[in-house]
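Subject: Model handover, backbone notes

Hi,

Here is the structure I promised to pass on. Please open it alongside this email; my notes on the backbone follow below.

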Amino acid sequence: MNLFVLDQFERAVAVLNPSLPDGCPFFEDVRTERIEYAYLTFEFSVPGDHPTSQHLVVGNLIVYPVRPGVYNLFRIISTEDEHSEGQYTKRVICENAAVGDLVSNIILPASLPSYTLPQAINYLLQGTDWEAGEVELAGSQDIVFEDVATSLDALHQVMDKFGAEIEFVVEFNGLTITRRLVHARLQRGRALNKPFVYGLNLKGAKRKEDYTQLVTALYGIGPKDSDGNLMTFETYNPTLSDPYEKPSGAKWVGDKDALQRWSKNGKHIFGVFKDDSATNQVELFNNTLEELKKRNRPQLSYEVDVALLPEEDVRLYDTVIVKDTTFRPELILEARIVETRFSLTDPSKNQVILGDYRPVTLRNTEYLRELRSQLERNQDEAKRSAGTGLHVIADSPKPLSNDGDYWNAGNSLTIEVTENIHLWSVSVFCQTSGQSANIELRGPDDTVIEQKWFNNLSAGENRLPLGFLLRKDVGVYKLWGNFSGNTWRTVSGVEFPYDSGTFKVTGTSSPSGAWYHFYNLTIGGPGVKGAPGQEFRLGDSGNRLGKIQILDANEEPIFIADAQQTTVKKLVAGDVDAPTVVKLSTDATITYYVNPSTGDDDNDGLTTGTPLRSVRGAVDRIARVFDGTIVINVLGNLTEDIDIMGFLGNGRLTIDFGGATYTGTITIRSVKARVDILNATMNYRSGETKGVVQVYQTDYAYLNNCIIRGKSGTGGTTAVVQAYDSSFLFMDTCEVYNAVTCLIRSSYGATTIVKDVKGSGAPIGLRAEYGGRIGIAGKIPDCALDWEAILGGEIIYQGTPAVDSGTSQTAPTPPTTTSWTSTNGNSWRTRYNSWRNDGTVRQGQWDGYGIHTGIWLFPSSMSSTLTGKTIQKMVLKLTRLSGSGYGSMTAYIRWHSHTSFPSGQPPVSGDYVTATFSQGQTREIVLPSSFHSAFSSGQAKGIGLYISNSSNTYYGAFSKTATLTVTYT
C-alpha cells in the first residue's frame with residue numbers, strides 16, 4: 001500500500017506506507033472518481049511532524065496505485081495544517097495531474113476532416129507529455145475547433161463527438177513516470193451480471209428519486225425559419241417499433257409503456273424539447289426521441305456501501321442489475337456505477353453511487369418469474385458459496401506430459417460437487433497463437449448454464465478466468481470447451497475420479513477416455529483439497545490482494561503475508577537460499593566479474609571463466625540488505641546505464657573498471673550501504689542531459705581515479721557529476737570535463753567533498769545550491785567561474801584553493817544503441833517442403849515430421865543502418881514457447897540474408913552460436929564478432945535457427961517476435 005511522492009522535477013523523494021515501522025503513514029484517504037469528464041481527486045492526511053511530510057507541498061506529485069502496473073498521477077493543489085488535542089496533522093488535497101498539464105496547452109482553431117478517434121487524440125496531445133494509450137476505433141468524424149481551446153476542453157469535445165469515455169493513467173517504475181497515457185473507450189467498465197436488491201443487497205443504502213423531468217411524450221420544437229415559423233416534425237411520419245408512437249400529423253412522440261406505468265389518468269405526461277441545432281424535421285424527430293428515452297422514467301440514484309456489494313471488485317462505469325421491489329409493478333433495471341469513493345487504509349468507507357438507469361423490458365410472465373428466481377438464487381448462492389476466499393489447484397493429470405498430444409475436438413469433463421464451489425479459472429495449452437475459445441458450464445442434461453468467450457489466445461499456456469458457481473443442489477456439471485485450433489489432451493494414464501475433496505472430476509465425454517483441454521483448475525469452497533506440490537492463490541488480476549494471518553492466543557498477529565511484505569515475529573531457519581539474498585557475514589567478500597564481450601547474464605559471474613555480460617546482471621544478484629563487501633570487476637569497455645537503487649545495511653559495493661572505458665549514466669539512488677566507483681574513463685551517453693554520475697538520497701558514494709567526460713554546447717550535459725537530496729559524495733583524485741552549466745553540482749541538502757579534482761570545459765566548476773554544500777580539499781577544476789554558491793548553497797574551504805584545468809579532453813562521439821523488432825517469423829519443414837505459416841519459428845524435428853529451418857525477418861532499415869558501421873555489441877532476445885519439445889533444448893542461432901520468405905528452404909549461415917532454453921523461457925544472447933562482420937558488410941539481414949540433427953532433443957518452437965539490440969558507431 002505505497003503512495004509515492006515525486007518532487008516538481010518528477011523524482012521520487014518519499015514513500016507513504018502505514019505498514020512500515022518507521023515510514024510515514026497516511027490515513028483518512030479518499031479517492032473520488034466520477035463519470036462526468038473524468039473527474040478525479042484524492043485527499044489524505046499524514047502526521048504533520050513526520051519528516052516525510054516536508055515533501056508534501058503544493059506542486060509535488062502523488063503516484064496512486066489503481067491496479068497492478070497502472071497508476072493515477074495526482075498533483076498537490078493545497079495543504080491544511082491542523083493542531084488538535086496535542087496532535088499535528090497535515091491534510092493534502094490533490095487533483096488529477098492531467099488537468100494542469102492539459103489546461104496549459106492551447107489548441108488553435110482548426111478543421112480536422114475525417115479524423116479517427118486515435119488521430120484526434122494524438123493531434124490534441126501534441127506539445128504535452130501525455131500520449132494516446134488504449135483507444136478504440138469508432139469510425140471517423142469531421143471535427144472543427146472554431147475557437148481557441150485548451151487540450152483538456154478539446155479532448156472532452158472529441159469524447160462527446162465520438163461517444164467515448166476517457167481515462168488518464170500513468171506507468172511508473174518505482175522511481176520515475178515512464179509514460180502518461182490517455183485511454184479512450186467506447187464504453188468503459190464491465191457487465192458484472194450481479195443483482196443489487198433494494199432492501200437486501202442495498203440494505204442501508206440511500207435511494208434518491210427525481211420525478212421533475214419525467215415525461216411520457218415530448219413535443220419537438222426546432223429553430224425558426226426565415227418567416228419566423230418554428231420547425232416541427234408534424235409532417236414526418238416514421239415507422240416506429242414498440243413501445244414508441246407518433247400519430248400521423250402529431251408534433252410529439254410518446255412511449256406507451258411509460259404511459260401505462262406512470263400516468264394516473266391514462267393521458268400522456270407531456271414535455272417540450274427545444275433543439276436549436278436541428279437542420280431538418282428528421283433530425284429534430286430523432287433528437288426528440290433520444291431525449292424521450294432519457295426522461296421516460298424517474299431519475300434514480302443510489303449511494304451504496306461497497307461492503308454490501310457482491311464479492312467482485314467494482315469500478316467506475318461497471319454495469320450492474322438493480323431490483324427495486326418498492327414499486328408496483330416492481331422495477332428491474334440495469335445501472336452503471338457513476339461515482340466511486342475508495343479508501344486504501346479503511347475499505348469500510350468505500351462507497352459507490354449508481355446511476356444511468358435503463359429498464360429491463362419484460363413482457364413474458366414466465367421469463368419474468370425465471371429472472372426473479374435467478375436474482376434470488378444468485379443472492380442466496382453468493383452467501384453460501386465458496387466464501388473463504390481461499391482457492392487451490394484441483395488434482396488433474398500433468399499437462400504437456402509424454403502421454404498426450406495436441407488435438408482439435410470439442411469435449412468436456414464431468415464434475416461432481418458436494419458443496420457450493422467457485423471455479424475461478426482453468427489453464428488451456430494451445431499449439432498455436434490466435435485461437436478463440438468458447439467455455440461452457442453445462443448441467444447434467446447438457447443445458448448451458450454459463451459460458452465465456454475468449455479470443456486471441458497465445459501459443460502455450462493460457463490462464464482463463466471463468467468465475468463459475470457450481471451448486472451442490474445441482475451436483476453434476478459438464479465443463480465443455482470448443483476451440484478454433486489444437487489444444488493439449490492427455491491420452492493415456494487417466495484414471496477417474498480425480499479427487500479434490502468436495503470437487504471431483506469423474507469422467508470425460510471423449511470415447512477414448514482422454515482428458516481434454518482443462519488443467520490447473522482453480523477452485524474455492526468448503527472442503528476442497530489441492531493437488532500436491534501447488535501454491536496458494538490469494539490474489540487476482542483485479543487487484544484483490546489476499547493476505548494470510550496467523551494469530552497467537554491473544555489474537556495478536558505473529559505472521560502476516562500479503563502483496564506488500566511478509567512480517568514474522570520470530571524466524572528460525574537452518575538455511576536461507578534465494579536468488580535475491582546474498583548470505584554474507586559482516587567481513588565476508590563476494591566478487592563478480594563482468595565481461596561485456598564474452599559474458600552471459602545467465603552465468604554465475606563468480607570467476608573470470610564464467611563472467612556476466614552486464615553490471616546490471618551483477619547488481620540484480622545482490623541482496624537488498626547486506627553487511628559484507630561486494631566487488632564487481634569490469635573486464636573490458638562497457639556501454640550500459642547502471643542503476644544502483646535501494647540497498648540497505650552496513651556493506652560496501654565496489655565497481656572497479658580497471659581502467660576500462662565506460663559509456664552511459666551511473667545513477668545511485670536511495671542507498672544506505674557505501675558505493676565505490678573506481679578506475680574508469682567515463683563518457684556521456686548520447687541523449688543524456690542531466691549528468692554522467694547522478695546521486696540521490698544516498699549515504700556514501702565514492703569516486704576515485706576516474707576521468708568523467710560530459711558534453712558542452714547544444715544538447716550537452718547540464719552538469720557532469722550531480723548529488724541531490726541529502727546525499728554524501730566524495731570525489732578523490734578525479735578529472736571532470738565539459739558541461740553546459742557546471743562540472744560538479746551539489747543540490748537539495750547534498751554534501752560533496754572535492755579532493756584533488758582537475759577539470760575544465762564548463763562556465764562554472766563547482767556549484768552549491770538549494771542548501772547543498774561543497775567542501776574543497778586540494779585542487780579544483782579551472783573554469784571561468786571556479787565555484788558558485790546560490791539559493792542557500794555553501795562552499796567550504798581553507799585558504800585559496802588551487803585550480804588545475806587538467807588535460808583538456810573531449811569525449812568521443814558516443815556509440816548509438818538501437819533495437820529492432822522482427823516483422824515476421826516462419827519455419828520451413830523438409831517433410832512437406834513448405835512453410836508452416838503458424839506464427840512460430842522452429843528448429844529441429846519432432847517424431848519424423850521433418851527438420852525445420854526457422855527465420856526471423858527484420859525491417860529493411862536495420863540492414864541499411866548497420867551496413868558500413870563499426871558494431872560493438874549485438875544482443876538477441878528470443879522467447880521459447882511452452883509445450884514445444886522436451887524441457888530443455890539447445891538453439892543453434894545463425895544469420896541469414898533474406899528480406900522476405902523465399903519459395904524454398906531458406907539458406908542460413910554456417911556460422912552459429914548456441915544457447916540453451918527451457919520451456920517458456922525468454923533470454924538474451926550476445927552474438928559473436930563474426931555476426932558483427934556479417935551485418936556490417938550488409939550480407940546479413942536477419943536471424944535464423946537450424947540444426948541438421950533429427951533427434952527430438954533439438955526440437956523447439958519460438959515466438960515470431962525477436963528483438964535485436966545493436967551498439968555501433
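**Backbone notes**

Start with Tyr-770, which sits in the loop between β57 (764–769) and β58 (773–777). Keep in mind that this is a predicted model. The phi of Tyr-770 is near 50°, a positive value in a residue other than glycine. Tyr-770 is partly exposed, with a relative accessible area of 41%.

Most residues other than glycine have a negative phi, and most peptide bonds are trans. That is the background for the rest of these notes.

Next, His-517. Its phi is near 70°, again positive in a non-glycine residue. Look for His-517 in the loop between β36 (515–516) and β37 (519–524). Is His-517 buried or exposed? His-517 is buried: its relative accessible area is 1%, and the cut-off for buried is under 20%.

Now the cis peptide bonds. One runs from Asp-242 to Pro-243, with omega near 10°. Pro-243 belongs to the loop between β17 (217–221) and β18 (244–245).

Another cis bond joins Phe-496 and Pro-497. What is omega there? For this bond, omega is about 0°. Pro-497 lies in the loop between β33 (487–490) and β34 (498–499).

For a quick tour, go to the cis bond at Asp-242 and Pro-243, then to the one at Phe-496 and Pro-497. After that, visit buried His-517 and partly exposed Tyr-770.

Best wishes

Notes:
Residues numbered from 1 in each chain as written. Predicted model: local features only at pLDDT ≥ 70, side-chain atom pairs only at ≥ 80, totals over all residues. Heavy atoms only, no water. Helix = DSSP H or I, 4+ residues; strand = E, 2+ residues; numbered from the N terminus. Buried < 20%, exposed > 50% of the residue type's maximum accessible area, 1.4 Å probe, protein only.
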